[in-house]
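Please find below a colleague's note on the structure under review.

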Amino acid sequence: MQKPHQYARCLVLAGGGFRFGYYLGIHAAAEETGHAPDILLASCGGAVAAAAIARLPDAQARKAWLASPEVYGFFAGVQSTARAAPWPMLAGVARRWLHRAQVPVVPDLFDDYLFDLPARVPLPPPSGADGPAVAIVGGKLLFGREDVGRPRGGRALFAETVFADARVAGLLDGMTAPAADPRWSGGAIAPGLHVDGAMPLEDAVRTSVADMFYFRCHAHAGCHYTGGVIDLFPIELARRLAASVAMERKGRLNPWLVSPAWRAVLGIDGDARWRAVHGQHADVWIDTADMAQALRGHGLKKEIRWRQNRMRLVAPAYAAYRTQVEAQWQYGYRKGLAAFTRSGST
């Protein structure tokens with residue numbers, strides 16, 4: 001069967017956490033400079049931004065949606081679980097940092113998580129807007145609750161999955177999962193890339209934000225899924241999908257928290273993956289390596305009560321939240337404008 005034509009431009013929206021509003025600014029800069037993408041490839045918080053871009057008609061409407069009381073209510077509704085206790089958390093961080101084995105036992109993604117998200121992500125409703133196509137990255141669990149804590153024994157535990165339509169499926173047909181590459185993978189991710197065209201966008205977004213340790217895995221149609229962190233830098237997917245690729249040049253992974261978590265749950269050497277991605281070609285690199293510093297304090301605040309051994313996330317007042325949305329958007333817009341202007345081609 002003949003493969004479909006590539007898309008012209010892919011914008012990768014990967015990561016972002018609760019500060020994903022900067023992706024709306026990046027996309028606005030892409031539109032303004034003549035680099036509007038016709039497909040968005042998203043993971044984690046970027047999946048929420050991708051859904052808003054696809055369903056809303058313009059940059060102003062997207063920013064207004066993010067600043068709305070409904071979206072604010074979603075953030076304010078994030079609740080701590082009984083696992084959000086700082087002393088056991090620190091012990092877990094130390095244990096993962098000290099033990100270098102790649103997924104020695106089947107991880108608990110069903111009950112070992114810190115926060116509960118509200119049941120519904122308040123995405124804009126479908127509006128018939130002629131937006132870009134959307135492909136969202138997640139990971140399908142190849143194990144059940146009954147396997148948790150058992151020795152992995154070399155088995156694959158995850159299947160890298162892209163939630164997208166038939167055109168994307170045709171372009172990715174036969175592709176090996178980038179997350180399974182032996183240069184950084186210890187075998188916990190199956191080599192075959194899956195494409196799922198049946199999952200609704202709302203569930204695909206909820207799946208992609210379900211990062212291990214933070215949130216529970218997402219259940220849909222009898223299966224369970226973990227987040228887009230399985231392939232946080234999906235440059236190989238983007239290059240297969242489009243003739244031109246724009247993505248972030250991110251800072252290095254946190255060596256104390258993120259890298260050990262990737263190794264313990266996904267069996268991925270995060271630093272090796274980061275180096276390999278940033279050594280590849282992208283038509284536009286958007287430098288957001290300073291995002292954590294530039295947007296420090298934007299988002300939910302961690303409040304730790306050491307004596308009570310409890311941690312919770314605290315949302316700012318609504319007026320302060322709107323100010324944060326504007327700051328995130330402006331940061332992304334500045335970074336995108338610099339990158340797309342520098343690239344020069346349309």
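Predicted model: local features only at pLDDT ≥ 70, side-chain atom pairs only at ≥ 80, totals over all residues.

1. Packing of α1 against α12. Helix α1 covers residues 21-32 and helix α12 residues 318-343; their axes come within 6 Å and cross at roughly 35°. The crossing of α1 and α12 is right-handed. On the α1 side, the residues that meet α12 are Gly21, Tyr22, Leu24, Gly25, Ile26, Ala28, Ala29, Ala30 and Glu32. Their counterparts in α12 are Gln328, Trp329, Tyr331, Gly332, Tyr333, Gly336, Leu337 and Phe340.

2. Thr288 is placed in the loop between β11 (284-287) and α11 (291-294). Is this residue, Thr288, buried or exposed? Thr288 counts as buried because its relative accessibility is 3%, and the limit for a buried residue is under 20%. Neighbours within four places in sequence aside, Thr288 is in contact with Tyr22, Glu248, Arg249, Lys250, Tyr331 and Lys335. Of these contacts, Tyr22 and Tyr331 also belong to the meeting of α1 with α12.

3. Burial of α2. Helix α2 (residues 45-55) is mostly covered, with 11 of its 11 residues buried. Among the buried residues are Gly45, Gly46, Val48, Ile53 and Arg55. Which elements cover the buried residues of α2? The cover includes β1 (7-14), α1, β2 (39-43), α3 (59-66), β5 (133-141) and α7 (201-208).

4. Burial of α9. Helix α9 is largely enclosed by the rest of the structure, since seven of its nine residues are buried. The buried residues of α9 are Ser259, Pro260, Ala261, Trp262, Arg263, Val265 and Leu266. Elements covering them include α5 (86-98), β6 (158-163) and α10. Just after α9, Gly267 takes a positive phi of about 70°.

5. Glu248 counts as buried because its relative accessibility is 4%, and Lys250 counts as buried at 14% relative accessibility. Asp271 and Arg252 form a salt bridge through their side chains, at 2.8 Å from N to O. This pair links distant parts of the chain, 19 residues apart: Asp271 is in helix α10 (residues 270-278), and Arg252 is in the loop between β10 (242-249) and α9 (258-266). Asp271 is partly exposed, with a relative accessible area of 28%.

6. Glu303 and Arg312 form a salt bridge whose closest N and O atoms are 2.6 Å apart. Glu303 is partly exposed at 26% relative accessibility, and Arg312 is partly exposed with a relative accessible area of 36%. Glu303 is also touched by Val314, as are Leu300 and Lys301, not counting residues up to four places away in sequence. Val314 has its place in strand β13 (residues 310-314) and counts as partly exposed at 24% relative accessibility. The C-alpha atoms of Val314 and Ala94 are separated by 25 Å, the two residues being 220 residues apart along the chain.

7. Nonpolar surface patch. Which residues form a nonpolar patch on the surface? Trp87, Leu90, Ile304 and Trp306 do so, and together they have about 420 Å² of accessible area. Ile304 has its place in strand β12 (residues 301-305). Ile304 is partly exposed because its relative accessible area is 36%, between the limits of 20% and 50%.

8. Most residues other than glycine have a negative phi. Cys44 is not a glycine, yet has a positive phi of about 55°. Cys44 is found in the loop between β2 and α2 and is buried at 4% relative accessibility. Val103 likewise has a positive phi, near 50°. The place of Val103 is the loop between α5 and β4 (115-116), and Val103 is buried with a relative accessible area of 1%.

Key. Residues numbered from 1 in each chain as written. Heavy atoms only, no water. Patch = residues over 30% accessible without salt bridge, like charges linked within 9 Å, V, L, I, M, F, W, Y side chains within 5 Å. Areas by Shrake-Rupley, 256 points an atom, 1.4 Å probe, with all protein chains shown as cover. Salt bridge = Lys/Arg side-chain N within 4 Å of Asp/Glu carboxyl O. Helix = DSSP H or I, 4+ residues; strand = E, 2+ residues; numbered from the N terminus. Buried < 20%, exposed > 50% of the residue type's maximum accessible area, 1.4 Å probe, protein only. Axes fitted to C-alpha atoms, helices over the stretch in contact; angles between N-to-C directions. Left-handed = near helix turned anticlockwise from the far one by under 90°. Contact = heavy atoms within 4.5 Å.
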